[in-house]
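Subject: Structure for your review

Dear colleague,

Please find below the structure that I am handing over to you. My findings follow it.

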Amino acid sequence: MTNAHPLGSQPAAAAPAAPPTQGPGGSRPSAAAGSSAPPGQLTAKDRALGAVDAVAAAVAGLDRPEFASRLVTLRRRLRSSSCTVLVVGEFKKGKSTLINALVHAQVCPVDDDIATAKPVAVRHSPDPTAEIVLYPDPGDDQALGERRPIPFELLSAYATEAAGAPDVDRVERVVIGLPRNLLEGGLVLVDTPGVGGLGSPHTAATVAALPSADAVLFVTDASQELTQSEMEFLRTARAMCPRVMCIMTKTDFYPSWRTILQLNQEHLSRNGLPGRIIAASAPLRTHAVVHNDTSLNVESGYAELVHLLRDELAPQVAMATAGGVAAELAEILDLHEAQLRAELAALEDPERSADSVRELERTKEQAERLRGQAARWQHTLNDGVADLVADVEHDLRARSRELVREAEELIDTGDPAKFWPEFEPWLTRRATSDVVQNLTLLHQRSVQLCARVAQHFDADHREVAARLDIPAPTELSVSGVAQATFKPERPSFFSQTVSALRGSTGGFMMVSVLSNLAHTTFAGLALAPSPLLLGGVTLMMGRKTFRDEKHRMLAQRRAQAKQVVRRYTDDVVMLASKDTRDSIRRVNRQLRDHYVERAELLTSSTAEALSAAQNAVRASEQRRMQRRKEVVELLDRTSPARRAAAQVDRPAQPSGDTAARPVSAAATARGPVAQPAGAA
Amino acid sequence: MTQGGRSALLSRVLELLAEAAAVYQGTAAAPVVDELIGRLHEPLRVAIAGRVKAGKSTLLNALVGEELAPTDAGECTRIVTWYRHGLTYRVTLVPRQGRAHQVPFARDDGAVDVELGEYTPDEVASLSIEWPSMALEPMTLIDTPGIGSITTDVSARSLAFLTPDEDEQPTPSDAVIYLLRHVHAADVQFLEAFADEHVTPFPVNAVAVLSRADEMGVGRLDALASAAQIADRYRGDPRLRALVQDVVPVAGLLAQAGYTLRETEFRQLRNLSQLPPEVLEALELSADRFVSTSAADLGLAGTPAEGLLPPSHERRNLLERLGLFGVRVSVEALSSGRVATSSQLAAELRAQSGIDRLRKLLFSHFAERRDTLKARSALVAVERLLALHPLPAGRPLTARLEQLRASAHELAELRLVNYLRGGALSLSDGERTEAEQLLASGTSVYQRLGIPDDASADEVRKALVATLNRWRTRGENPMSSLADREASAILVRTCEGLFASLVG
């Protein structure tokens, strides 16, 4: 009978994860079940890669290693580009089940009680893989965590609270690779530990990860309407990540899910959040995939969810990345052309070239100033970083002082030996909520700093570029950065900088420090002379003496409790401020590197233009004529690259779409030969 | 056993109260004393606490075995409501100001719908519903409004300490059932249920119910096994240990259906269970499909099985009454042949729901300790009375009270149980378990000593002597803290009491 229920057949986490290579019964989900290939037209990423190649070809004529290395970086950024979607929500709302149903494999451990403890990232790979990523060495904030492959059977041992795997404490996250069409476009789904209100330690880790995500799926279920704490988390998430989507799970089980859905939509719009909620049922989805039932797949809500992820979010994010790359390509072309034009001018009119050489010399000086320590943007950055550190730390200290004060007030109202079991979670909660708010402040202020630095750099950069006769050169390249606020389509560089905010010790250390109070108990401390004594001793001792003794010991317990509180808050503040400093240092370094590199490109282009102009003046008439021909040719070669770069963030023509479709169908042929079993 | 000793305590308290009644006769405090005396003769008072929507009213209905409390948000759930046994159906309204009086009521689809008249819910202190029900004879149930909205404010002011100061307050109820929801231990809401201002916590007679247990596995047939596991984990949590005696998973809807299952519903379920398995699977896929799938959708049109499918509105009713999980459990029990009749199905639902275990806990464990608790509450109340209304004639009463409190071993035991659960003593886990077992009045001497039920009298005596000596040695250890030594002394006395009851 159990097997008759698709619900009943879901094994609990104790069962090893099903081999993700094959769908049940070997049947492959149909295209309608939401796992078909993305439309076969050229993606933004493909177009951007093509544009990089075109630009590489265009600039190859001049010996500019800076351009070459810049292009390598851009190519790498495009290749590794992904759309990271954090799946967040409270405990037991079906986050892991949601991901499993999406990729149709038991990759995220699901259990009725044991919760996910480590983030599990599910991404595309040609073969199923599973690996753990360890925390990087805390001493070296450049280091990347070590990666180790693990067998699928150990997934739940590493990813859940059911401890037991070796080195589990050092694991930062688990990474699963699956051959799924849904993931092919770079979509990475990250299952996170449940947040239990803004106060639970796991929340701090999740909030810290928010800025690095491209989108957030907030999971709630149909058992009840959104709670106050869920709404609060949503607001926080919204402030730190521009794309937040709501999913309501378990609609198969709760008959009144439509009422809940409507109530939730009202809650969202009342709070100024986008009211779209996708109602989803994992059992229906699984059933639909197993039985290849298209209409059931639609009913399960997963058709819409897949559409959202694959056809809305992933392309949006890819477009933003590609757009950022296109802007940088345009800048390279601008510089390249400016250099050629300067040379051409000198070649064509040697009489006036002395002037233009002087002009170029001045431009070069200016460009060098932009690169140097005295540049305005450098000041903005240095001062901004100092202010940022000071303000964020001040905020943290103010919060911790207030926390200690409140805690001491509380301790004085009762007997720590008795209320400790309640006091302890309260303290953890308060401290976590403080850390989360501090993180939010850090994020907001960093974003503002990025924008300010960008603005100052751009202003000066534009001035230099104008001298090089580059028409409105920076308009494209930093359109996003110059905006004081985040736009959903922010350039990829920006999002990278912001993800640097994520502390290296971040999540785990924070969680462990925040929760480490749990190991402090009052066992063995000055215990109550206990009302037990009321029985025997009172009569002998006299009530007054007894009461005095009782008070003395109570005072002692209170003093001890206060000491514990202070030690704990000190630990939290120390770690949080170290995290803050590390994060800010990373942001600082990334911003500086980025702008210094751009300033250097500008400087070297000016220098090259200058020396080309000087050479032109010195060269023989015949040599000049020959060189002129070459330069004109080189200039001509840039126009295809221009076109390619300009088309990157323009959606493909509809005609290309229809033409491409048959190709995609062939590429994902459903025959068992063309496709490994279940590689949906 | 200690039965004699216990009633001795209660009768001594009654004597004390009689004296107090004589002292305060004719004064303003006289009704208070009368009430205290009346309380000692009442059945067990059980309060149900927890958040709104945690399933309090459903659980209350399951305990009464009737759909008395309105299960959706009605007026009654906003007011503390007492459900007592009575000879007639009667509802009494106790306003915050003014005299208690009877009010008219109607039964709306089973639930009692009270007309408050000119009072708003805020002006009503409590409602008392008297109902001739067998289930209410041994206990009075108190339905509390619960905590309305989640407090998001995590500042100090919102934190009221829940662990009681045991010698300071009287308890208006003899036992408390806290409804817990399934949340993570680190969750802000973990102890939410205990912040209920309507009940005075007293851990010795408190039990936590993991409510909505049928939802733990989102309707899988093994959901209740999962719920049992979760309850096990909760039971081990030191915070809960300090607040309640036990954690029991209960599927309220299942229990309620188990007590109120109608013959027509049984017939519909039996018909459903006779449908072919693949049809059932399609039908039970989701709540939506269960209600709206037609015979034609299922390919049943024109087949003999068509008649077995209840019409849509009947299926909707089944879903409302049992939930998807209840329907699955019933259909599975019927089709596997484990149950055949309506009463068997009802019993199966009750057994699966966990309600039986809760009842057992309430009636054996708590009822046994009730006398001690009542005595304790009465003593606290008398002490308060004496402090508030000091009379020269009351002086000897104060002395008697002090003497009674100091000499009553049961009260010392009660305090020790609280201390043990709070983890305040530096005993090892093994010692603590042993001590708790030993103090668990209401269980057999075998259980208290942790020996098999079929042990001979000689074996019992041997085990008892061994236990007694162990605690005596523990108590004489000069390295032990004062509190530990005192605890040991209490346990030694408990052993001596057991010994006396064996010999006597």
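**Findings**

In helix α6 of chain B, the buried residues are G252(B), L254(B), A255(B), Q256(B), A257(B), G258(B) and T260(B). Please note that this is a predicted model. Helix α6 (residues 252-260) of chain B has seven of its nine residues buried, so the rest of the structure largely encloses it.

**Chain A as a whole**

Chain A contains 21 helices and nine strands. Of its 680 residues, 56% count as buried. Among the contacts in chain A that link residues at least 6 apart in sequence, 83% are between residues at least 24 apart.

**Helices α1 and α20 of chain A**

Helix α1 (residues 44-59) of chain A packs against helix α20 (residues 621-647) of chain A at an angle of about 160°, and their axes are 8 Å apart. Because angles over 145 degrees count as roughly antiparallel, α1(A) is roughly antiparallel to α20(A). The crossing of α1(A) past α20(A) is left-handed. On the α1(A) side, the contact involves R47(A), A51(A), A54(A), V55(A), A57(A) and A58(A); α20(A) contributes R637(A), T638(A), A641(A), A644(A), A645(A) and Q647(A). Sorted by class, this contact of α1(A) with α20(A) comprises eight nonpolar, two polar and two charged residues.

L49(A) also lies in helix α1 of chain A. L49(A) counts as buried because its relative accessibility is 15%, and the limit for burial is under 20%. Leaving aside neighbours within four places in sequence, L49(A) is in contact with R75(A), L78(A) and R79(A). L49(A) and L189(A), which are 140 residues apart in sequence, are 24 Å apart in space, C-alpha to C-alpha.

In soluble globular proteins, nonpolar side chains tend to be buried together. In this model, the largest nonpolar core has 91 residues, and those with the most contacts inside it are L234(A), L269(B), L272(B), L275(B) and L345(B). Helix α10 (residues 312-335) of chain B supplies the largest share of this core, 10 residues. Not counting residues up to four places away in sequence, L272(B) touches L280(B), L283(B), F290(B), L308(B), L309(B), P310(B), L318(B) and V331(B). Another core, of 63 residues, lies apart from the largest one and includes V325(A), L335(A), L381(A) and A645(A). A645(A) is also one of the residues through which α20(A) meets α1(A).

**Helix packing in chain B**

Helix α17 (residues 457-476) of chain B and helix α18 (residues 482-503) of chain B pack at an angle of about 160°, with 8 Å between their axes. The two helices, α17(B) and α18(B), are therefore roughly antiparallel. The crossing of α17(B) past α18(B) is left-handed. Among the residues of α17(B) in this contact are L464(B), L468(B) and W471(B), and those of α18(B) include L491(B), C495(B) and F499(B). By class, the contact of α17(B) with α18(B) has 11 nonpolar, three polar and six charged residues.

Helix α15 (residues 429-439) of chain B packs with α17(B) at an angle of about 125°, their axes being 13 Å apart; α15(B) is therefore oblique to α17(B). This crossing of α15(B) past α17(B) is left-handed. E431(B), E434(B), A435(B) and L438(B) of α15(B) meet T467(B), R470(B), W471(B) and R474(B) of α17(B). The contact of α15(B) with α17(B) has three nonpolar, one polar and four charged residues.

Yours sincerely

Methods
Residues numbered from 1 in each chain as written. Chains lettered and ligands numbered in written order. Predicted model: local features only at pLDDT ≥ 70, side-chain atom pairs only at ≥ 80, totals over all residues. Heavy atoms only, no water. Axes fitted to C-alpha atoms, helices over the stretch in contact; angles between N-to-C directions. Helix = DSSP H or I, 4+ residues; strand = E, 2+ residues; numbered from the N terminus. Parallel < 35°, antiparallel > 145°, perpendicular 65-115°, else oblique. Left-handed = near helix turned anticlockwise from the far one by under 90°. Contact = heavy atoms within 4.5 Å. Nonpolar A, V, L, I, M, F, W, Y, C, P; charged D, E, K, R; others polar. Core = buried A, V, L, I, M, F, W, Y, C linked by side-chain atoms within 4.5 Å. Buried < 20%, exposed > 50% of the residue type's maximum accessible area, 1.4 Å probe, protein only.
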